[in-house]
Amino acid sequence: MNMINVQKLTQYHGAHLVLDQISFEIQEGEKVALIGRNGSGKSTLMRLLAGLDQPNQGQLAIKKGAKIGYLEQIPSHMDTWTVLDVLEQGLSHLKDYRAEMTELERKMSDPDIAGNAGQLDRVLRKYSALQERFETEGGYELEASIDKIATGLQIPKSEYELAFGSLSGGEQTRVVLASQLIVQPDLLLLDEPTNHLDLARTEWLEEFLREYPGTCVMISHDRYFLDRVVSKTIELEDGEAFTAQGGYTTFMKDKEERLLQQFADYQEQQKLIKKMKESIKQLEEFGRIGGNEKFFKRAASMRRALERMERVKRPVLERRQADFELNPQDRSGRRVAYFDQVKVSYGNQAVLRGASGLIEFGEKIALMGSNGSGKTTLFKVLLGELTPESGSLEWGSRVDVGYLAQQEEPDH
């Protein structure tokens with residue numbers, strides 16, 4: 001059964017056409033990747049699916065009564081809430097049920113009501129119906145469900161009472177992600193869910209989503225994450241939507257074959273168009289020379305056929321990449337940096353204990369580890385922002401360092 005049905009959906013951002021009559025379907029339980037270059041309309045489509053915006057043209061239908069959860073790329077700030085408040089934000093109805101059940105329990109113990117058979121019967125029926133609803137919707141597992149998801153994303157229970165506004169941007173994103181997973185909506189919309197997740201948390205999320213019974217649509221630039229989770233891929237490009245079964249790698253392989261075939265069809269059609277134009281020109285020339293009207297009629301007929309022809313769009317086989325100006329002539333020697341037996345502690349907690357490594361020119365290095373393992377600390381040592389307690393750091397000649405932090409502080 002369809003969870004989402006999109007037909008000829010068109011959306012503008014101001015005067016800019018973002019989505020141009022796109023159509024696709026998503027079935028219940030499918031895990032779908034929404035991919036595309038920055039600015040291709042992924043977040044625009046996600047907001048439409050979440051019901052935050054309405055389409056300018058076309059149809060967007062979501063299964064009636066479906067509960068929708070949406071993780072935005074940048075979560076809303078709820079500074080006055082605690083972490084637990086945010087985790088429980090989608091479960092307020094269960095808390096209301098529990099409060100109402102408590103009040104009914106108080107009434108049942110009231111001597112005036114207990115002594116009145118009619119009143120007591122009404123309270124008991126109401127309590128029974130409410131208790132059944134509370135149980136069916138997982139009310140008795142409320143705390144266990146919260147703890148299970150929070151543990152998976154490594155949100156310590158000791159942080160439940162912290163102010164949400166006191167957390168870093170990455171910590172806030174994890175808490176909001178957990179709040180959506182706890183609710184387990186019928187349709188889960190995730191915008192870059194693996195941002196700010198280390199390897200262990202990402203692997204836990206992969207396993208969770210694979211077993212998730214609901215429908216999930218996710219935007220992610222992590223191709224390995226998508227390959228392990230999704231069953232369908234939708235790419236937005238130049239306002240159009242292209243859909244295929246399978247993960248990112250399968251989709252890109254199919255796309256390459258599709259573009260090569262489209263380019264071959266385009267070339268063949270261009271040859272045909274050129275030949276028809278030459279024939280039209282020749283027929284008109286014959287008509288002028290011989291004064292024979294039949295040549296002009298044949299030329300006009302061929303021109304109408306050319307105008308009615310559905311043109312094959314020339315595919316873009318290679319997109320232009322950003323042009324970053326580099327200075328290879330001013331590069332360092334082969335050794336860029338060498339650090340040996342570096343030790344750094346925060347109070348009594350040793351973060352780096354004898355860390356050693358060599359960075360050579362041209363290498364592309366992934367620095368991996370769980371949160372708190374010392375990745376950012378090592379960066380600070382390399383940048384000279386932190387002096388190690390012991391150990392040494394040596395830079396190669398003419399090394400120019402650039403650094404992009406997780407969260408850049410605004411200039412004042």
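Trainee: Which residues are exposed on the other side of helix 6?

Mentor: In this predicted model, Lys-148 and Thr-151 are exposed there. The term requires over 50% relative accessible area.

Trainee: Which residues of helix 6 are buried?

Mentor: Helix 6 spans residues 142-152, and its buried residues are Leu-142, Ile-146, Ile-149, Ala-150 and Gly-152. Buried means under 20% relative accessible area.

Trainee: What do the buried residues of helix 6 pack against?

Mentor: They pack against helix 2 (83-87), helix 3, helix 7 (169-183) and helix 8 (199-211).

Trainee: At what angle do helix 3 and helix 5 pack?

Mentor: Helix 3 (residues 92-108) and helix 5 (residues 117-136) pack at about 155 degrees, with axes 10 Å apart.

Trainee: Why is helix 3 called roughly antiparallel to helix 5?

Mentor: Angles over 145 degrees count as roughly antiparallel. The angle here is about 155 degrees, and therefore helix 3 is roughly antiparallel to helix 5. The crossing of helix 3 past helix 5 is left-handed.

Trainee: Which residues make the contact?

Mentor: Helix 3 contributes residues including Leu-94, Tyr-97, Met-101 and Leu-104, and helix 5 contributes residues including Leu-120, Val-123, Leu-124 and Phe-134.

Trainee: How many residues of each class are in the contact of helix 3 with helix 5?

Mentor: The contact has eleven nonpolar, one polar and six charged residues.

Conventions. Residues are numbered from 1 along each chain as its sequence is written. This is a predicted model: local features need pLDDT of at least 70, side-chain atom pairs count only at pLDDT 80 or more; totals for chains, interfaces and linings use all residues. Side-chain values use heavy atoms; hydrogens and water are left out. Axes are lines fitted to C-alpha atoms, for helices over the stretch in contact, and angles run from 0 to 180 degrees between N-to-C directions. Helices (H or I, at least four residues) and strands (E, at least two) are DSSP runs, numbered from the N terminus. Angles under 35 degrees count as roughly parallel, over 145 as roughly antiparallel, 65 to 115 as roughly perpendicular and the rest as oblique. A crossing is left-handed if the near helix is turned anticlockwise from the far one by less than a right angle, and right-handed if clockwise. Contact means heavy atoms within 4.5 Å. Ala, Val, Leu, Ile, Met, Phe, Trp, Tyr, Cys and Pro count as nonpolar, Asp, Glu, Lys and Arg as charged, and the others, Gly among them, as polar. Buried means under 20% relative accessible area, exposed over 50%, partly exposed in between (1.4 Å probe, protein chains only).
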